[in-house]
Amino acid sequence: HGAARTAQPPAASRGRWGPMQEEAQTLAARALELVEELEEEEETEEGFEEYKRKKRDADRAVAQGTASEGLQAAMVAIESLMVVTKLKEPLLMSRLREIIWLAKDAAALFEDMSETKGRVLALMALTRAHLTRAHEPDAPGAALKPIRAAVAAARPLQEPALTAEALCLLGEAHIAKAAASPFEKVVVEEIGQATQATKEAEEIFRLADDRRSMARAMHCTARALLRHTDEDEVMEGERFADEAREMFHDLGERASEVAVLLTGIAARQATSGPESALMMARDAAEDWQQEGGRPKDAALASLLAAGFQHELGEHEDALKLCDDARALYDRAGSRRGVASVLETRAAVLFALKRIGEALNALEEMAALFARLGDKRSQGHALLSAANMLLGQLSEEVDSDTQAEFEKRELKVGLSTEEVHKRSADGIEFASRASKCFEEAGCDEGAQQVTELIQSIYDRAIQIYCKTNEPDQIYYTLAAETPQEDSSKCIKEWKIPMPSAGKSEGLAGGDGFLHVFDPHPPPSI
């Protein structure tokens, strides 16, 4: 984007608006730089087509149009990119604050320039940025403020399509607020406002004979109604979802059709349970396989069905569906799809107590992400392996230790050598995961590794203390009598730590880990 950064606005756009146009040009160039940084390597994924068209429009507007036209197109491109699901999510989240301030600056600049359409587009980009961080408590409210202003500003422009797009985004913001609220009254109110906005958008698109956008508005309405607490409203939401899915299918919009299916399956699972959701996923897999030319979509549906069968305890059937899904993803050339299959397969194998096979699946998953250059996902695969191995080992040690303490027959019969080996293997997986997270700059993942190791360590101490008498007990005398106050006794265990060894001096150790319950004794 060297040309985008150095191109000057046409002479006709200069004059008293010159400084503002220069600021618009700077903002547009930075917006396109952010777009480039956030683009996914695998741009052949479905769903990128519309975004790539908008990005080309932005490139052209920045290079050939006025600075304000370039900024408007850049706002459209960056909002579209945030909608696409195949994003470098960690990178997006790291740039989100900058995107928010960029959109705010653009909206303020357009307002100063009295360019209402540009302000609407910037406010929509700002709303999308807030919705991207919907997991944060303040995000839904922060999203509603700019999109309400955008809808109000768009109505007098006599551009129905722009108004309808803003209304759809307003519906999404209300849905986000409904999803974040624990109060039924708030949920119902927000759903009502969401459906009011999305149905108005649907009618605008219907009058314009824009079936694709109409289906998208209907999908938004379905998403809102499927969150309702009233059964009749939920059924109405399913009807909207079915109609939207049919329209997307007829239009050849496969990615959107799949998105509607996922909405329906999630709602069905929440309202009717995994059995009903399993039927939906199976039906979709069969339909898409019979239709032909849709191996990736059929694989996704099969994988969803496998997950529901795993949830229902039908593990062998789940493994068969995992095999079907992997074959389909292989045919489609989707390595990320194969990785998702391996994750589900590992969970099923773990439930079947086939730990070695489960670990092999996670190792293969990690290797796939390594080839894709996705260190964060590779770290999560290795962390899952560490969690699986150390968690299972902890369970078995607890069982054997408790049985030995109660002089019962050991259920597992672990040897000390086996415990040490499996513990070392688990720590190795955790260490590799930590390294991946460090290389990816993922603090959240690194913290998860730390918490896993700490939880396993704490549980080992609890097992020891539960099955061994304390080495020393400290008593406190009651204030009124010379008798001991049993409620204030403190127990101490000295757990041998051969690896620590003994050393002299103030910082020296005695070869034991000292554990106190409920807290360390007072100085004597």
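How do the axes of helix 15 (residues 315–332) and helix 16 (residues 335–351) cross? Before selecting them, note that this is a predicted model, in which local features need pLDDT of at least 70 and side-chain atom pairs count only at pLDDT 80 or more, while totals for chains, interfaces and linings use all residues. Residues are numbered from 1 along each chain as its sequence is written, and side-chain values use heavy atoms, with hydrogens and water left out.

Select residues 315–332 and 335–351: the two axes come within 9 Å and cross at roughly 165°, where axes are lines fitted to C-alpha atoms, for helices over the stretch in contact, and angles run from 0 to 180 degrees between N-to-C directions. Helix 15 is therefore roughly antiparallel to helix 16, a term for angles over 145 degrees. Helices here are DSSP runs (H or I, at least four residues), numbered from the N terminus. The residues of this contact (heavy atoms within 4.5 Å) include L319, R326 and D330 on helix 15, which meet a set in helix 16 that includes V338, L342 and R345. The residues of this contact divide into 11 nonpolar, four polar and four charged, with Ala, Val, Leu, Ile, Met, Phe, Trp, Tyr, Cys and Pro counted as nonpolar, Asp, Glu, Lys and Arg as charged, and the others, Gly among them, as polar.

Move on to residues 355–372, helix 17, whose 18 residues reach 26 Å from first C-alpha to last, close to the 26 Å expected at 1.5 Å a residue (1.5 Å times one less than the number of residues). Its buried residues include I355, L362, M365 and F369, buried meaning under 20% relative accessible area with a 1.4 Å probe, protein chains only. Their cover includes helix 16, helix 18 (375–405) and helix 19 (416–440). Helix 17 is followed by G373, whose phi is positive, near 75°.

Finally, select E190 in helix 9 (residues 184–207). E190 counts as buried because its relative accessibility is 5%. Leaving aside neighbours within four places in sequence, E190 is in contact with L144, H174, K177 and A178.

Notes:
Helix = DSSP H or I, 4+ residues; strand = E, 2+ residues; numbered from the N terminus. Parallel < 35°, antiparallel > 145°, perpendicular 65-115°, else oblique. Buried < 20%, exposed > 50% of the residue type's maximum accessible area, 1.4 Å probe, protein only.
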